[in-house]
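Trainee: I would like to go through the labels used for this model and ask what each one rests on.
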Amino acid sequence: MPDAVIVAYARTPFTRSLVGGLAKVSEFDLAGAVIRGVIDRSGLDPALIDTIVMGEVLQGGGCIARYSALDLGLPLDIPAYDVGGWCTSGMVAMHQAVAGIRSGMARCVIAGGLNTPSQSPLAGPHFATTGITDTPIAPMHPGIGEMPALDLAAMLGEGTATQYGLTRAEVDEWAARAHALACDAQENGVLDAEKIAVEVGDASVFADELPSRDLTVETLAEMTSFLGEQCTVTPGNQTGLTDGAAATLICEREFAREHGMTPLAEITGWSVVGSKPDGATDATVEATRRALDVAGLDLDDVDLFDVHDSYASIGVAYSRSLGIDGDRLNVHGGGLALGHPYGASGTRVAGTLINELQRRGGGVGAGAIVSAGGLGSAIVLKVMPPAA
(Lines give C-alpha, C1' and ligand atoms only; values in the text may rest on other atoms or scores of the structure.)
Protein backbone atom coordinates (compact mmCIF):
# COMPACT_ATOMS: atom_id res chain seq x y z
CA MET A 1 0.00 0.00 0.00
CA PRO A 2 1.20 3.55 -0.67
CA ASP A 3 2.89 5.47 2.14
CA ALA A 4 0.99 8.50 3.45
CA VAL A 5 3.20 11.54 4.01
CA ILE A 6 2.52 15.02 5.36
CA VAL A 7 3.91 17.69 3.05
CA ALA A 8 2.50 20.80 4.74
CA TYR A 9 1.08 21.85 8.10
CA ALA A 10 -0.38 25.13 9.30
CA ARG A 11 -2.43 26.39 12.17
CA THR A 12 -3.90 29.69 13.18
CA PRO A 13 -2.99 31.24 16.50
CA PHE A 14 -5.06 29.84 19.36
CA THR A 15 -6.83 32.75 21.05
CA ARG A 16 -9.16 33.25 23.98
CA SER A 17 -12.80 32.66 23.13
CA LEU A 18 -15.21 35.57 23.47
CA VAL A 19 -12.51 38.16 24.21
CA GLY A 20 -9.50 37.20 22.07
CA GLY A 21 -8.14 38.16 18.70
CA LEU A 22 -10.23 35.63 16.73
CA ALA A 23 -13.48 36.05 18.66
CA LYS A 24 -15.18 37.88 15.79
CA VAL A 25 -13.97 35.50 13.08
CA SER A 26 -16.56 32.96 11.92
CA GLU A 27 -15.75 29.25 11.79
CA PHE A 28 -16.22 29.42 8.03
CA ASP A 29 -13.59 32.15 7.66
CA LEU A 30 -11.25 30.40 10.09
CA ALA A 31 -11.51 27.15 8.12
CA GLY A 32 -10.92 29.01 4.89
CA ALA A 33 -7.83 30.71 6.29
CA VAL A 34 -6.14 27.49 7.40
CA ILE A 35 -7.10 25.55 4.25
CA ARG A 36 -5.68 28.32 2.11
CA GLY A 37 -2.63 28.49 4.37
CA VAL A 38 -1.76 24.82 3.96
CA ILE A 39 -2.30 24.97 0.19
CA ASP A 40 0.01 27.97 -0.06
CA ARG A 41 2.67 26.26 2.03
CA SER A 42 2.58 23.16 -0.16
CA GLY A 43 2.72 25.09 -3.43
CA LEU A 44 0.30 22.54 -4.92
CA ASP A 45 -2.26 23.33 -7.61
CA PRO A 46 -5.59 23.06 -5.72
CA ALA A 47 -7.12 21.22 -8.68
CA LEU A 48 -5.00 18.20 -7.68
CA ILE A 49 -6.59 17.86 -4.21
CA ASP A 50 -8.86 14.82 -4.01
CA THR A 51 -10.70 15.55 -0.77
CA ILE A 52 -10.90 17.98 2.13
CA VAL A 53 -11.92 16.61 5.53
CA MET A 54 -12.14 18.80 8.64
CA GLY A 55 -12.91 17.86 12.23
CA GLU A 56 -15.57 20.11 13.75
CA VAL A 57 -17.34 19.59 17.03
CA LEU A 58 -20.10 22.14 17.67
CA GLN A 59 -21.87 21.59 14.38
CA GLY A 60 -25.02 23.48 13.56
CA GLY A 61 -26.17 21.39 10.62
CA GLY A 62 -23.84 22.77 7.97
CA CYS A 63 -20.61 21.51 6.43
CA ILE A 64 -17.81 23.97 7.12
CA ALA A 65 -15.25 22.15 4.96
CA ARG A 66 -17.49 22.28 1.87
CA TYR A 67 -18.51 25.87 2.51
CA SER A 68 -14.86 26.89 2.79
CA ALA A 69 -13.85 25.05 -0.38
CA LEU A 70 -16.55 26.88 -2.32
CA ASP A 71 -15.79 30.20 -0.67
CA LEU A 72 -12.11 29.88 -1.58
CA GLY A 73 -13.00 29.22 -5.19
CA LEU A 74 -11.45 25.75 -5.21
CA PRO A 75 -12.47 23.46 -8.09
CA LEU A 76 -16.12 22.46 -7.73
CA ASP A 77 -15.43 18.74 -8.10
CA ILE A 78 -13.31 18.58 -4.91
CA PRO A 79 -15.50 16.95 -2.23
CA ALA A 80 -15.20 18.37 1.26
CA TYR A 81 -16.84 17.13 4.44
CA ASP A 82 -16.72 17.40 8.23
CA VAL A 83 -16.13 14.66 10.80
CA GLY A 84 -17.26 14.88 14.40
CA GLY A 85 -15.56 12.87 17.13
CA TRP A 86 -15.42 15.50 19.84
CA CYS A 87 -11.79 16.28 20.72
CA THR A 88 -10.39 13.48 18.54
CA SER A 89 -11.95 15.02 15.41
CA GLY A 90 -8.85 16.71 13.96
CA MET A 91 -6.73 13.60 14.44
CA VAL A 92 -9.44 11.28 13.12
CA ALA A 93 -9.62 13.48 10.00
CA MET A 94 -5.94 12.71 9.50
CA HIS A 95 -6.61 9.00 10.02
CA GLN A 96 -9.27 9.15 7.30
CA ALA A 97 -6.81 10.80 4.95
CA VAL A 98 -4.34 7.98 5.56
CA ALA A 99 -7.05 5.37 4.95
CA GLY A 100 -8.00 6.98 1.66
CA ILE A 101 -4.40 7.17 0.46
CA ARG A 102 -3.36 3.67 1.51
CA SER A 103 -6.51 2.17 -0.01
CA GLY A 104 -5.93 3.96 -3.32
CA MET A 105 -9.13 6.00 -3.08
CA ALA A 106 -7.18 9.29 -2.93
CA ARG A 107 -3.69 10.58 -3.60
CA CYS A 108 -3.88 13.99 -1.92
CA VAL A 109 -6.08 15.09 1.01
CA ILE A 110 -6.33 18.16 3.21
CA ALA A 111 -7.14 17.02 6.74
CA GLY A 112 -7.47 19.05 9.92
CA GLY A 113 -9.99 20.61 12.23
CA LEU A 114 -11.23 23.74 13.91
CA ASN A 115 -13.56 25.33 16.41
CA THR A 116 -14.36 28.78 17.63
CA PRO A 117 -16.74 28.71 20.60
CA SER A 118 -16.99 32.47 20.13
CA GLN A 119 -18.87 32.03 16.85
CA SER A 120 -19.87 28.37 16.47
CA PRO A 121 -23.33 27.40 15.36
CA LEU A 122 -24.32 24.75 17.90
CA ALA A 123 -26.32 21.57 17.59
CA GLY A 124 -29.70 21.71 19.36
CA PRO A 125 -32.04 20.93 20.99
CA HIS A 126 -31.22 22.83 24.16
CA PHE A 127 -29.82 20.04 26.31
CA ALA A 128 -27.91 22.27 28.69
CA THR A 129 -25.85 25.44 28.92
CA THR A 130 -22.11 25.67 29.23
CA GLY A 131 -22.23 28.00 32.21
CA ILE A 132 -19.73 30.18 30.37
CA THR A 133 -21.63 31.50 27.39
CA ASP A 134 -25.17 30.34 28.14
CA THR A 135 -25.06 28.62 24.76
CA PRO A 136 -26.92 25.32 24.37
CA ILE A 137 -24.77 22.30 23.51
CA ALA A 138 -25.44 18.64 22.79
CA PRO A 139 -24.60 15.94 25.35
CA MET A 140 -21.28 14.14 25.01
CA HIS A 141 -22.71 10.77 26.06
CA PRO A 142 -25.77 9.48 27.89
CA GLY A 143 -25.64 10.62 31.50
CA ILE A 144 -24.98 7.48 33.56
CA GLY A 145 -24.66 7.58 37.34
CA GLU A 146 -21.43 9.32 38.22
CA MET A 147 -20.66 10.01 34.56
CA PRO A 148 -22.56 13.27 33.90
CA ALA A 149 -23.13 14.03 30.23
CA LEU A 150 -21.90 17.60 30.25
CA ASP A 151 -19.44 18.01 33.12
CA LEU A 152 -16.02 17.02 31.80
CA ALA A 153 -14.21 18.78 34.63
CA ALA A 154 -15.81 16.41 37.12
CA MET A 155 -15.88 13.29 34.99
CA LEU A 156 -12.61 13.49 33.05
CA GLY A 157 -10.42 15.97 34.91
CA GLU A 158 -11.31 15.01 38.47
CA GLY A 159 -12.15 11.45 37.49
CA THR A 160 -8.65 10.89 36.11
CA ALA A 161 -7.08 12.41 39.22
CA THR A 162 -9.15 10.11 41.45
CA GLN A 163 -8.50 6.99 39.36
CA TYR A 164 -4.73 7.55 39.39
CA GLY A 165 -4.52 8.81 42.97
CA LEU A 166 -3.14 12.21 41.95
CA THR A 167 -2.75 15.04 44.43
CA ARG A 168 -3.57 18.69 43.90
CA ALA A 169 0.15 19.46 44.10
CA GLU A 170 0.96 17.01 41.30
CA VAL A 171 -1.58 18.44 38.86
CA ASP A 172 -0.60 22.03 39.74
CA GLU A 173 3.05 21.19 39.11
CA TRP A 174 2.12 19.80 35.69
CA ALA A 175 0.13 22.94 34.85
CA ALA A 176 2.92 25.28 35.98
CA ARG A 177 5.44 23.34 33.87
CA ALA A 178 3.10 23.47 30.85
CA HIS A 179 2.71 27.23 30.98
CA ALA A 180 6.42 27.84 31.61
CA LEU A 181 7.41 25.68 28.63
CA ALA A 182 4.80 27.27 26.36
CA CYS A 183 5.95 30.76 27.36
CA ASP A 184 9.57 29.81 26.67
CA ALA A 185 8.61 28.45 23.24
CA GLN A 186 6.56 31.54 22.47
CA GLU A 187 9.28 33.99 23.52
CA ASN A 188 11.92 32.09 21.54
CA GLY A 189 9.76 31.91 18.41
CA VAL A 190 9.88 28.12 18.42
CA LEU A 191 6.21 27.75 17.47
CA ASP A 192 6.16 30.49 14.83
CA ALA A 193 6.86 28.02 12.00
CA GLU A 194 3.58 26.24 12.76
CA LYS A 195 1.37 29.29 12.45
CA ILE A 196 -0.20 31.55 9.88
CA ALA A 197 -1.45 35.03 10.67
CA VAL A 198 -5.19 35.72 10.42
CA GLU A 199 -6.26 39.14 9.21
CA VAL A 200 -9.05 40.57 11.36
CA GLY A 201 -10.07 44.02 10.18
CA ASP A 202 -6.95 46.15 10.20
CA ALA A 203 -5.14 43.80 12.59
CA SER A 204 -3.02 40.71 11.95
CA VAL A 205 -3.51 38.10 14.68
CA PHE A 206 -0.54 35.76 15.17
CA ALA A 207 0.14 35.22 18.89
CA ASP A 208 -1.18 32.34 20.99
CA GLU A 209 -2.98 33.97 23.91
CA LEU A 210 -3.21 31.36 26.66
CA PRO A 211 0.37 30.77 27.87
CA SER A 212 0.95 32.74 31.08
CA ARG A 213 3.97 33.40 33.31
CA ASP A 214 1.52 34.20 36.11
CA LEU A 215 0.53 30.53 36.52
CA THR A 216 3.22 29.25 38.85
CA VAL A 217 3.02 26.50 41.45
CA GLU A 218 2.47 29.20 44.08
CA THR A 219 -0.32 31.07 42.27
CA LEU A 220 -2.01 27.81 41.25
CA ALA A 221 -2.03 26.63 44.86
CA GLU A 222 -4.04 29.71 45.84
CA MET A 223 -6.90 28.82 43.47
CA THR A 224 -10.06 27.14 44.74
CA SER A 225 -11.50 24.10 43.00
CA PHE A 226 -14.99 24.80 41.70
CA LEU A 227 -15.84 21.12 42.21
CA GLY A 228 -15.38 21.03 45.97
CA GLU A 229 -12.84 21.54 48.73
CA GLN A 230 -11.10 18.16 48.28
CA CYS A 231 -11.03 18.27 44.47
CA THR A 232 -8.02 18.98 42.26
CA VAL A 233 -9.42 20.72 39.15
CA THR A 234 -9.20 24.51 39.15
CA PRO A 235 -9.37 27.15 36.39
CA GLY A 236 -5.57 27.17 36.42
CA ASN A 237 -4.87 23.49 35.81
CA GLN A 238 -7.27 23.00 32.92
CA THR A 239 -7.12 24.47 29.44
CA GLY A 240 -9.04 27.59 28.53
CA LEU A 241 -11.87 28.04 26.04
CA THR A 242 -10.09 28.69 22.74
CA ASP A 243 -10.68 29.62 19.09
CA GLY A 244 -8.47 28.22 16.34
CA ALA A 245 -7.91 25.91 13.36
CA ALA A 246 -5.21 23.56 12.05
CA ALA A 247 -4.70 21.60 8.82
CA THR A 248 -2.30 19.27 7.06
CA LEU A 249 -1.79 18.29 3.43
CA ILE A 250 -1.36 14.51 3.33
CA CYS A 251 -0.54 12.67 0.14
CA GLU A 252 0.88 9.51 -1.37
CA ARG A 253 4.67 9.58 -1.29
CA GLU A 254 4.94 9.11 -5.06
CA PHE A 255 2.43 11.93 -5.60
CA ALA A 256 4.64 14.23 -3.53
CA ARG A 257 7.68 13.27 -5.64
CA GLU A 258 5.78 13.82 -8.89
CA HIS A 259 4.79 17.34 -7.84
CA GLY A 260 8.06 18.45 -6.30
CA MET A 261 6.90 18.44 -2.68
CA THR A 262 9.24 17.40 0.11
CA PRO A 263 7.62 15.25 2.83
CA LEU A 264 7.81 16.55 6.37
CA ALA A 265 6.76 13.26 7.95
CA GLU A 266 5.35 9.83 7.18
CA ILE A 267 2.32 8.64 9.15
CA THR A 268 3.29 5.14 10.22
CA GLY A 269 0.79 4.33 12.99
CA TRP A 270 -2.72 5.30 14.05
CA SER A 271 -5.45 4.12 16.40
CA VAL A 272 -8.72 5.15 18.04
CA VAL A 273 -9.90 3.34 21.17
CA GLY A 274 -13.23 3.55 22.99
CA SER A 275 -13.89 3.27 26.71
CA LYS A 276 -16.42 4.14 29.37
CA PRO A 277 -17.02 7.90 29.23
CA ASP A 278 -14.95 8.37 32.38
CA GLY A 279 -12.13 6.13 31.11
CA ALA A 280 -10.92 8.21 28.17
CA THR A 281 -7.45 8.69 29.65
CA ASP A 282 -6.98 4.92 29.73
CA ALA A 283 -8.32 4.74 26.15
CA THR A 284 -5.68 7.26 25.06
CA VAL A 285 -2.88 5.28 26.69
CA GLU A 286 -4.12 2.15 24.93
CA ALA A 287 -4.49 4.00 21.61
CA THR A 288 -0.83 5.04 21.89
CA ARG A 289 0.26 1.44 22.41
CA ARG A 290 -1.84 0.23 19.48
CA ALA A 291 -0.62 2.96 17.15
CA LEU A 292 2.97 2.03 18.00
CA ASP A 293 2.14 -1.61 17.26
CA VAL A 294 0.85 -0.60 13.83
CA ALA A 295 4.11 1.27 13.26
CA GLY A 296 6.14 -1.71 14.48
CA LEU A 297 7.71 0.36 17.26
CA ASP A 298 8.11 0.29 21.02
CA LEU A 299 7.84 3.16 23.49
CA ASP A 300 11.64 3.36 23.64
CA ASP A 301 11.77 4.03 19.88
CA VAL A 302 9.88 7.32 20.26
CA ASP A 303 11.90 10.51 20.49
CA LEU A 304 9.02 12.82 21.49
CA PHE A 305 5.45 12.42 22.71
CA ASP A 306 2.69 15.01 22.75
CA VAL A 307 -0.54 14.30 24.61
CA HIS A 308 -3.30 16.87 24.57
CA ASP A 309 -3.80 17.64 28.25
CA SER A 310 -7.06 19.54 28.50
CA TYR A 311 -6.76 18.77 32.22
CA ALA A 312 -3.40 18.53 33.96
CA SER A 313 -4.44 15.21 35.47
CA ILE A 314 -4.49 13.69 31.98
CA GLY A 315 -0.88 14.66 31.37
CA VAL A 316 0.32 13.27 34.70
CA ALA A 317 -1.64 10.03 34.25
CA TYR A 318 -0.45 9.55 30.66
CA SER A 319 3.17 10.11 31.65
CA ARG A 320 2.89 7.73 34.59
CA SER A 321 1.07 5.00 32.64
CA LEU A 322 3.60 4.87 29.83
CA GLY A 323 6.68 5.64 31.92
CA ILE A 324 7.58 8.70 29.82
CA ASP A 325 9.91 11.25 31.36
CA GLY A 326 9.40 14.98 30.96
CA ASP A 327 12.24 15.37 28.48
CA ARG A 328 10.19 13.48 25.87
CA LEU A 329 6.65 14.66 26.63
CA ASN A 330 4.91 17.96 25.82
CA VAL A 331 8.21 19.77 25.50
CA HIS A 332 6.46 23.01 24.53
CA GLY A 333 3.70 22.83 27.10
CA GLY A 334 0.95 20.96 25.28
CA GLY A 335 -2.70 21.84 24.87
CA LEU A 336 -3.25 22.87 28.48
CA ALA A 337 -1.14 25.98 27.92
CA LEU A 338 -1.46 26.42 24.14
CA GLY A 339 -5.26 26.08 24.05
CA HIS A 340 -7.97 23.71 22.89
CA PRO A 341 -10.12 24.63 19.87
CA TYR A 342 -11.84 21.24 20.14
CA GLY A 343 -11.71 20.03 16.51
CA ALA A 344 -8.23 21.45 15.87
CA SER A 345 -6.30 20.02 18.80
CA GLY A 346 -5.61 16.55 17.39
CA THR A 347 -4.09 18.09 14.29
CA ARG A 348 -2.12 20.58 16.38
CA VAL A 349 -0.59 17.69 18.36
CA ALA A 350 0.79 16.16 15.13
CA GLY A 351 1.95 19.50 13.77
CA THR A 352 3.82 20.47 16.92
CA LEU A 353 5.65 17.13 16.89
CA ILE A 354 6.66 17.66 13.27
CA ASN A 355 7.84 21.20 13.96
CA GLU A 356 9.97 20.24 16.96
CA LEU A 357 11.41 17.04 15.51
CA GLN A 358 12.43 18.87 12.35
CA ARG A 359 14.20 21.41 14.55
CA ARG A 360 16.08 18.47 16.07
CA GLY A 361 16.98 16.93 12.73
CA GLY A 362 14.16 14.37 12.49
CA GLY A 363 12.97 11.41 14.53
CA VAL A 364 9.90 9.54 15.69
CA GLY A 365 6.94 11.27 17.32
CA ALA A 366 3.80 9.86 18.96
CA GLY A 367 0.80 12.11 19.52
CA ALA A 368 -2.39 11.37 21.44
CA ILE A 369 -5.60 13.08 22.48
CA VAL A 370 -8.35 12.33 25.02
CA SER A 371 -11.94 12.95 23.99
CA ALA A 372 -15.33 13.40 25.56
CA GLY A 373 -17.61 10.40 25.26
CA GLY A 374 -14.86 7.91 26.10
CA LEU A 375 -12.47 8.08 23.15
CA GLY A 376 -8.71 8.12 22.83
CA SER A 377 -6.82 8.64 19.58
CA ALA A 378 -3.14 8.38 18.66
CA ILE A 379 -0.86 8.89 15.69
CA VAL A 380 2.79 7.94 15.05
CA LEU A 381 5.01 10.01 12.77
CA LYS A 382 8.42 9.40 11.22
CA VAL A 383 9.67 12.96 10.82
CA MET A 384 12.27 13.71 8.14
CA PRO A 385 15.19 16.09 8.63
CA PRO A 386 14.42 19.56 7.26
CA ALA A 387 15.22 20.10 3.60
CA ALA A 388 18.58 21.73 3.01
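Mentor: Start with how elements are named: helices (H or I, at least four residues) and strands (E, at least two) are DSSP runs, numbered from the N terminus. On that basis N330 is found in the loop between α9 (312–322) and α10 (334–338). The model is predicted, so local features need pLDDT of at least 70 and side-chain atom pairs count only at pLDDT 80 or more, while totals for chains, interfaces and linings use all residues. Residues are numbered from 1 along each chain as its sequence is written, and side-chain values use heavy atoms, with hydrogens and water left out.

Trainee: What makes N330 count as buried or exposed?

Mentor: Buried means under 20% relative accessible area, exposed over 50%, and partly exposed in between (1.4 Å probe, protein chains only). N330 has 0% relative accessibility, so N330 counts as buried. Its phi is near 50 degrees, a positive value in a residue other than glycine.

Trainee: Why are α1 and α2 called roughly perpendicular?

Mentor: Angles under 35 degrees count as roughly parallel, over 145 as roughly antiparallel, 65 to 115 as roughly perpendicular and the rest as oblique. Axes are lines fitted to C-alpha atoms, for helices over the stretch in contact, and angles run from 0 to 180 degrees between N-to-C directions. Helix α1 (residues 27–42) and helix α2 (residues 64–71) pack at about 65 degrees, with axes 9 Å apart. The pair is therefore roughly perpendicular.

Trainee: Which residues make that contact?

Mentor: From α1 they are E27, F28, D29, A31, G32 and I35, and from α2 they are I64, Y67, S68 and D71, where contact means heavy atoms within 4.5 Å. S68 touches F28, A31, G32 and I35, leaving aside residues up to four places away in sequence. With a relative accessible area of 1%, S68 is buried.

Trainee: Why is strand β13 described as largely enclosed?

Mentor: Nine of the nine residues of β13 (residues 363–371) are buried, so the rest of the structure largely encloses the strand. G363, G365, G367, I369 and S371 point one way, V364, A366, A368 and V370 the other way, and all are buried.

Trainee: How do you know which strands pair with β13?

Mentor: Two strands pair if DSSP finds at least two bridges between them. Strand β12 (residues 304–308) pairs with β13 in the parallel sense over five bridges, and V307 stands opposite A368. Strand β14 (residues 375–383) pairs with β13 in the antiparallel sense over nine bridges, with G376 as the bridge partner of V370. β13 and β14 form a hairpin with three residues between them, and G373 in the turn has a positive phi of about 85 degrees.
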